Amino acid sequence: MRYFMTIIPPADLKPEDVSQGLMDAMGPWMERSLKSGALVSTGGLKPAGEGKRLNGHGGKVATTDGPFAEAKEVVGGYAVFEAPDLKAATALAAEFLQMHIDNGMPNVTLEIREIAGGANY
């Protein structure tokens, strides 16, 4: 089964706040997880201020430039895991979060949910 993990860093996190220790730990973790087949895809996202929000409220497509002031939490990245069940996917996510905690970023929130089908399932 595939699982989608959203990575929600502190709202005021700047790229320069990410420690070199975390960057050094991330490479081997990703390489090992990709090789095992547990990690399908991952990536960071540009700041919300560089994005667009689209909605269909009122029956028409409307776009809004970021930043989105009403957002209390902003997704900073994602990962897609291949795991036999939610317990195994949660263990992968916990390992990822522990790597952040160990490298000075304890205030990261992760959300993991099973992907219910889709084009690349």
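Predicted model: local features only at pLDDT ≥ 70, side-chain atom pairs only at ≥ 80, totals over all residues.
Figure 1. Helices (H or I, at least four residues) and strands (E, at least two) are DSSP runs, numbered from the N terminus. Which element gives the most to this lining? That's α1, with four residues. Numbering starts from 1 along each chain as its sequence is written. Local features need pLDDT of at least 70 and side-chain atom pairs 80 or more, while totals for chains, interfaces and linings use all residues, and side-chain values use heavy atoms, leaving out hydrogens and water.

**Figure 2. A look into the largest pocket, about 870 Å³ in volume.** A pocket here is an open set of points on a 1 Å grid where a 1.4 Å probe fits, with protein on both sides within 12 Å along at least five of seven lines; lining residues have an atom within 4 Å of a point. The volume is the space filled by probe spheres set on the points, which are joined across faces, edges and corners. This pocket has 32 lining residues, and P9, L13, G44, L45 and G76 lie nearest its centre. What kinds of residue make up the lining? It divides into 23 nonpolar, seven polar and two charged residues (Asp, Glu, Lys and Arg count as charged, Ala, Val, Leu, Ile, Met, Phe, Trp, Tyr, Cys and Pro as nonpolar, and the others as polar).

**Figure 3. Four strands make an open sheet.** Read across the sheet, the order is β2-β5-β1-β6, and the pairing is antiparallel. Strands pair if DSSP finds at least two bridges between them. At the edges sit β2 and β6 (109-114), each pairing on one side only. On average, neighbours in this sheet are turned by 15° against each other, ignoring direction. Zoom in on β1 (residues 2-8) and you'll find six bridges joining this strand to β5, with the two running antiparallel. Y3, for instance, has F81 of β5 as its bridge partner.

**Figure 4. Both helices meet strands of the sheet.** α1 lies across β2 and β5 and runs at about 150° to β2. α2 packs on the sheet too, touching β1, β5 and β6, and its direction makes about 160° with that of β6. Contact means heavy atoms within 4.5 Å, and angles run from 0 to 180 degrees between N-to-C directions of lines fitted to C-alpha atoms, for helices over the stretch in contact.

**Figure 5. Rings of F4 and Y78 stack up.** Their centres are 6.0 Å apart, with 5° between the planes. The partners come from distant parts of the chain: F4 is in strand β1 and Y78 in strand β5, 74 residues apart. Phe, Tyr and Trp rings (six-membered for Trp) pair if their centres lie within 6.5 Å; planes under 30 degrees apart are stacked, over 60 edge-to-face, the rest tilted. By this rule there are three aromatic pairs.

**Figure 6. β3 and β4 form a hairpin.** Six residues sit between the two strands, and G58 in the turn has a positive phi of about 80°. Four bridges join β3 (residues 52-55) to β4 (residues 62-65), and these strands run antiparallel.
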